[in-house]
Amino acid sequence: MRGWGSVSRGKRPINRLPSGKLGAGPVTASPCACAKMVEEESLRVVRCGGSELNFRRAVFSADSKYVFCVSGDFIKVYSTATEECVHILQGHRNLVTGIQLNPRNHLQLYSCSFDGTIKLWDYIDGILIKTFIVGCKLHALFALACEDSVFVIINKEKPDVFQLVSVKLPKSSSQEIEAKELSFVLDYINQSPKCIAFGNEGEYVAAVRDFYLSVYFFKKKTTSRFTLSSSRNKKHAKNNFTCVACHPKEDCIATGHRDGKIRLWRNFDDEKKYTYTCLHWHHDLVMDLAFSVTEGSSLLSGGRESVLVEWREAAEKNKEFLPRLGATIEHISVSPAGDLFCTSHSDNKMIIIHRNLEASAVIQGLVKDRNIVTGLMIDPRTKALVLNGKPGHLQFYSLQSDKQLYNLDIIQQEYINDYGLIQIELTKAAFGCYGNWLATVEQRQEKETELELQMKLWTYNKKTQGFVLNTKVNMPHEDHITALCFCNAQKSENPTLVTTSKDGHFKVWILTDDSDIYKKAVGWTCDFVGSYHKYQATNCCFSEDGSLLAVSFEEIVTIWDSETWELKCTFCQRAGKIRHLCFGRLTCSKYLLGATENGILCCWNLLSCALEWSAKLNMRVLEPDPNSENIAAISQSSTGSDLFVFRPSEPRPLYIQKNISREEVQWGVFVPRDVPESFTSEAYQWLNRSQFYFLTKSQSLLTFSTQSPEEKLTPTSKQLLAEETLPTTPFYFILGKHRQQQQDDKLNEALEDELVQLPLTENIPAISELLHTPAHVLPSASFLCSMFVNSLLLSKGTKSAEEIPDDVSMEEEKESVDSDEENNFTEQVQDTNNTDLGKDIIHQLSKSEEKELRKFRKVDYSWITAL
Amino acid sequence: MAAGGGGVAEPFSPAGVPCAFSPQSQAYFALASTDGHLRVWETANNRLHQEYVPSAHLSGTCTCLAWAPARLQAKEGPQRKKRKSEAVGTSNQVDLLALGTAVGSILLYSTVKGELHSKLISGGHDNKVNCIQWHQDNGCLYSCSDDKHIVEWNTQTCKVKCKWKGDNSSVSSLCISPDGKMLLSAGRTIKLWVLETKEVYRHFTGHATPVSSLMFTTIRPPNESQPFDGITGLYFLSGAVHDRLLNVWQVRSENKEKNAVMSFTVTDEPVYIDLTLSENKEEPVKLAVVCRDGQVHLFEHILNGYCKKPLTSNCTIQIATPGKGKKSTPKPIPILAAGFCADKMSLLLVYGSWFQPTIERVALNSKEPHMCLVRDISICWAPKVETAVTKVRTPMMNSEAKVLVPGIPGHHAAIKPAPPQTEEIESKRKLGENEVSIEERLGALDIDTKKEKGNLPQTNSFPVLLTQGLESNDFEMLNKVLQTKNLNLIKRTVLRMPLHAVIPLLQELTKRLQGHPNSAVLMVQWLKCVLTIHASYLSTLPDLVPQLGTLYQLMESRVKTFQKLSHLHGKLILLITQVTASEKTKGPTCPAQKAKLVYEEESSEEESDDEIADKDSDDNWDEDEEEKGSEKDEDVDEEEEEEEEDAEEKGEENGEDRDVASEKELNGDSDLDPENESEEE
């Protein structure tokens, strides 16, 4: 019996393959390829934290379960319920510029890219279905249900002349198809897809640019054009169109303008009789507009005010607001079902909003709104990357899970989103003493002479698990603070902070016990003020043991004893202002490194007080590794940025990688690893204990990886391949699909029945009675079985013989534990030894037997229930 | 690593709520509470990630849960390689969560999609599922139940692969061996099964009560003399309901030894267990056991053979609330779960209530045998809906924070005595002498006051009051004296005060100067008197510079903006005088006579013409101004100019009045005596 079982398992036909998942799409990497890559260990620069999510409008899936957005060369599929990225669709070789659901199959997605291709995806499984090669740069994509072509924006001749053309997508079974059949629709349009809208199920297309609105009617093949007054008088100066949206049902076009007005155009099929009404709430330009999909009764608008406005019934007085969305609304999209909205914001986030204007989920990438001035830091407590986030906030970004943890509100003032307002900015921050202290500097400068500075010192309160303000210092210096540095030595008994400023002083702040008798309190006080010949203090750095403090005053480096604050010695190279300063670590602690603006890297020996070596390198970043002697330096040249990893004691760099990025690298940081790596190759040993991250000018966070691209970039394709099987609900039967599908799809039907009938068989008392009767009293199993099968056949009323084995096997499982030489029916589950259910039983029933069985239908088998 | 402890829930044990950390980086903590809700928390920022309520959550509550291994595709090569690639990639996203229910079904929930992925029921259990284990490699799922069976599921097809009877009683716990070829199950006895053949390989007996948790603690045997077959020599751990001992067993090659090798003792029944696998024989096994009484016990032990005595914990962690004031006593906060972080040096602690737990990362230093963490979780009670969506945290800014503004001591470095230590000692000695003498003098002063009480001359009692107030630091007494406005009185008081009280007085004055500007005005009078009268005494003091350093800094910072202020003041005076001047001319107008007396034909005509033009058209404004500019001084501001125009308009008929106004301007300027100013302020 056992042997048989194993055979049957081998022969068992797989009735349902997990569709697509086993297909060898480009996303699944073969394991051997991975292994090879690991062995080679070539170091690549990889992106962390993702690209921007707010480049184009997000697109919802038909059931609103997923939302798609373009992100660099990829398309990301997020779950609207959990904010998690479900898939990353990759295959484009350049920036993805537009996505749209396939109107004829809502499980598919079209995308277009600068690489000149349109791709069709199965987004549920994350598989590329087809590639249409168009050939020229595609700037946006639109798809309509009624036609078998899509519309794209291209610029063929001149760099700033854009055209809307339709591309006929040829039907073919091959993976890559050339789609060269372009037909011209509109010329001289705006590049942004926000300025094109298709209305009333594709009857017309509206495009706006500068001061005119043009509407092209597909049936009439005519274009009507409406121009707003753009005269030089002040009243109409800001009449420019910014975006357009079309009503889904009616002939109505909404346009947004630079002065904050929204115009609703009607009767535009006649160039004379057209009318428009104005809605005005926004005080700054309208960034995007969207009509609610189902009935089109409400219009959504958003702009720099970061308030989502819903205009009900297109009336000025019926407004609903969702304020405080945090940053400028760049795009608004509405799900096809109409239950969700999605707004994309300038700070690289998307907010999923319910129909009743309640934000339900935030998909947040690395905040990219503003300039990063604090640099990159590591919070020693959470190991999170810390940098400027939302205005006035510090963002904590988890590198392990690659997502933002939270924003810490440092300034705690309401941010007013308005152009040209001078805001308080968070300029410096530093962590000290294993994350117990956080120092932040904020400044606001309206005019040359009016500088407002504030330094805040926060302590981490373990009881409440959060930062608490300890000391606030108004105007800690009379001019800009240039650097901030904690003394992080192991043995330092009290925390020390040094600030340097352009006013020529550096201040040493220490934590003192300034308690009066009533409350035990500690606070920071200034301990020492140092200066050097009225030069501006530009940088400061503590040595590893905290005994020395190096402060650079423009071209001169001064070394101070941290015990007595005496000036020990000065170094001067006359090679330009010092831009970076750092001490060597561990065995190299006798070295001090300084990089100057003139592109010279100097290394001084602190014992001999002499210059050890210098090199000509235009340094942008100089970062010591906290776990080793290594120092990473990134230099900027005309072609790109180069990375050098070296030890101060050795003349030769450990590792050089040219061209790590085409743009300027602004900040870098070493992040200690939780689990040390074991790269055997000497060149990569510097990555063993820490990982190096750097941030470029366009605020993309990059790091180094030895993994193959497939391994790094496809998280979800390597998930457990578990099939989605959910039992059918009673509603399913009520809706009657069950009967209809019966003829069409027998395989599936059998499967469902099996699932549904399982509880039924267990609950009928007659059957349980039958099962509990001792075996020797019952007639032989084979006899009972055949009758039982027949009864089942009758109840079906069809000739589908396929279910027989399934149902019977359930019966058999309990009944015939001890029945030996087996009838033809196998068990689904057996004791101890597993045998899978063989479905090939069917074939063993001869045709004559089948006929006989059909006869049995007419016989009354009600006796079985009476048993 | 953190897969265990899930299936603890017994009908009679309410504490064992199924919960688990997600594998690898412990980014999530899944918790199925007794109300049938499954909640997934983010460990890094303690935020509710998602909540899921199974449709049958009331009838079939969740009894155990297990995260699917976040694995890469089937992997060849040694263990080492695998670890490396996993650590680098942030890609090991975890997704599936298996939930066992009280009715015997198993749900697979996708945390990425936030919905039920599949439901395993057909041919499975018909009683409560006690434990679920994922196989790390082949995508199988093992579950055991009260129906005495163990089921092997194929998660790809969601079908039963195999079902066999695991024990004569209910099977309560499962564990898969590190190499994935063996399975431990615990019913009445602990059995080790060979997965391929489903045959029992070993029996272990020892626990009297149902075993609640099973875990392998090593992945390699301690002695590697014979070739390793994947199981022999490995240790595993078991904990049982109502048992304060955790037993460690070793799989021996000979079948004789059936008893536990050693045991760990804890204070209460273990609820959640996590450990770090030791990969070689030198590396100790670290074990964290959360007990029902809410404590965590940490063990660190190198497993190498038999040990008779139960081992006690190296470290115990407790959490308590801060006792606020005298009224409330600190209360313990139960720890619900604990998991080791990837670096094995820190522990993730979950504590508080099941509905709103707090997750914290605690660094371990094994030196202390007992750690009591004081945590205030009262803030955490209120669910933070707002932060859940915006992801903004607001750090506390309370009034207790120290504020340093320029001038307050501490904002700038205190001025220290320049000479080195020897002199400091001297000054200290001096201070000591002073104190003694003050005591003596106090006595003397008391007598003085008594004597003079009869007369009650105010001038005499003020110095006495002042010195007494300074000695005793009596706020009211000092207020009485220092708030006087009589300049003469101040002078006389300062004259008659004893010398030793000068420095304390100066310090008191400094303190008060830092306060409200209104009181500072008064203090400045005092300061002025003290400095003028006692200058000679002060100059004799050796430590004058540090003594008066703060005062100096204060004055320095206060007068820093003085220049700007005086500019402003000057301008304002200019305006005000002109306004008042124009108003004066408005009131008593008797210009007719004067106009007759002073007769200047040409000039008056010109002016009047100008003014008329000015009123008539705005267009000619520019020209007009130019003319004005030529007429008036160049260095006055626009505002002033306008004001002056107003003045002119009103006083146009009278040439002399204008002259008066300009004279007053001059006066206004000359009024700006800096010293006066400071006193006024």
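Begin by selecting chain B, whose average pLDDT is 73, with 69% of its residues scoring at least 70; pLDDT is the predictor's confidence in each residue, on a scale from 0 to 100. Within chain B, move to residues 72-92, where the pLDDT is below 50 and where the model has 40 contacts beyond near neighbours in sequence, a contact being heavy atoms within 4.5 Å. Then select residues 604-681 of chain B, another stretch with pLDDT under 50, for which the model has 62 contacts beyond four places in sequence. Where pLDDT is low, the predicted coordinates should not be read in detail. For the model as a whole, the scores are ipTM 0.72 and pTM 0.73.

This is a predicted model, in which local features need pLDDT of at least 70 and side-chain atom pairs count only at pLDDT 80 or more, while totals for chains, interfaces and linings use all residues. Residues are numbered from 1 along each chain as its sequence is written, chains are lettered from A and ligands numbered from 1 in the order in which they are written, and side-chain values use heavy atoms, with hydrogens and water left out.

The next stops are salt bridges, each defined as a side-chain nitrogen of Lys or Arg within 4 Å of a carboxyl oxygen of Asp or Glu. Over all chains, the count comes to 27 salt bridges.

Select A:Glu414 and A:Arg324, whose side chains meet in a salt bridge at 3.4 Å, N to O. A:Glu414 lies in the loop between strands E34 (403-409) and E35 (425-432) of chain A, and A:Arg324 in the loop between strands E26 (319-322) and E27 (329-334), so the pair ties together parts that are 90 residues apart in sequence. A:Glu414 is exposed, with a relative accessible area of 54%, and A:Arg324 is exposed at 65%; exposed means over 50%, buried under 20% and partly exposed in between, with a 1.4 Å probe and protein chains only.

Compare A:Lys261 and A:Asp259, which form a salt bridge at 3.8 Å, N to O: A:Lys261 is partly exposed at 23%, whereas A:Asp259 is buried at 15%.

Finally, select A:Glu310, A:Arg312, A:Glu320 and A:Arg355 together, which are linked in a network of salt bridges.

Note on methods
Helices (H or I, at least four residues) and strands (E, at least two) are DSSP runs, numbered from the N terminus.
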